[in-house]
Amino acid sequence: MVRTMDDLGFRRPASLADWLTYPDRLSVEQSAFLVGVSTDLVEDWIDTGAVDAFDAPDGSTLVDKASLREFWDLVHEWKR
């Protein structure tokens with residue numbers, strides 16, 4: 001049996017390559033992966049307007065990658 005990182009209880013952190021190759025509009029799950037938080041927290045950010053979000057044609061929510069990065073940078077600046 002092959003053990004994945006999910007099986008081990010942790011996941012790999014997002015890399016610069018992930019940030020560069022992901023689309024400009026991200027799913028909530030992709031957004032959560034890039035910044036290393038839960039999807040619930042990303043949804044809270046969307047609800048409060050902390051990040052820009054759009055309705056996808058299929059009815060899901062898409063997050064603007066640039067606004068996600070900007071917000072994430074602000075969070076880290078505040079913690080310093």
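Visitor: Which backbone nitrogen does the side chain of Asp-18 reach, and at what distance?

Guide: The model is a predicted one. In it, Asp-18 lies in helix α2, residues 16–21. The side chain of Asp-18 reaches a backbone nitrogen at 2.8 Å, and that nitrogen belongs to Ser-15.

Visitor: Is Asp-18 buried or exposed?

Guide: Beyond its neighbours within four places in sequence, Asp-18 is in contact with Arg-12, Pro-13, Phe-33 and Leu-34. A residue counts as buried under 20% relative accessible area. The value for Asp-18 is 8%, so Asp-18 is buried.

Visitor: Within what arc do the buried residues of α4 fall?

Guide: Helix α4 spans residues 39–48, and Val-42, Trp-45 and Ile-46 are buried there. In an α-helix, residues three or four places apart point the same way, because there are 3.6 residues a turn. The buried residues of α4 line one face of the helix, since, seen down its axis, they fall within an arc of 100°.

Visitor: Which exposed residues does the face of α4 turned away from its buried side carry?

Guide: The buried residues of α4 are covered by elements including α3, β2, β3 and α5. The face turned away from that buried side carries the exposed residues Asp-40, Asp-47 and Thr-48.

Visitor: Which element supplies the largest share of the largest nonpolar core?

Guide: This core has 17 residues, and Val-42 and Trp-45 are among those with the most contacts inside it. Helices α3, α4 and α5 each supply at least two of its residues. The largest share is five residues, and it comes from α3.

Key:
Residues are numbered from 1 along each chain as its sequence is written. This is a predicted model: local features need pLDDT of at least 70, side-chain atom pairs count only at pLDDT 80 or more; totals for chains, interfaces and linings use all residues. Side-chain values use heavy atoms; hydrogens and water are left out. Helices (H or I, at least four residues) and strands (E, at least two) are DSSP runs, numbered from the N terminus. Buried means under 20% relative accessible area, exposed over 50%, partly exposed in between (1.4 Å probe, protein chains only). A polar contact is a pair of N or O atoms within 3.5 Å; within protein, one must be able to donate a hydrogen and the other to accept it, and residues adjacent in sequence count only if both atoms are side-chain atoms. Contact means heavy atoms within 4.5 Å. The arc is that of the directions from the helix axis to the C-beta atoms. A nonpolar core is a set of buried Ala, Val, Leu, Ile, Met, Phe, Trp, Tyr and Cys residues joined through side-chain atoms within 4.5 Å.
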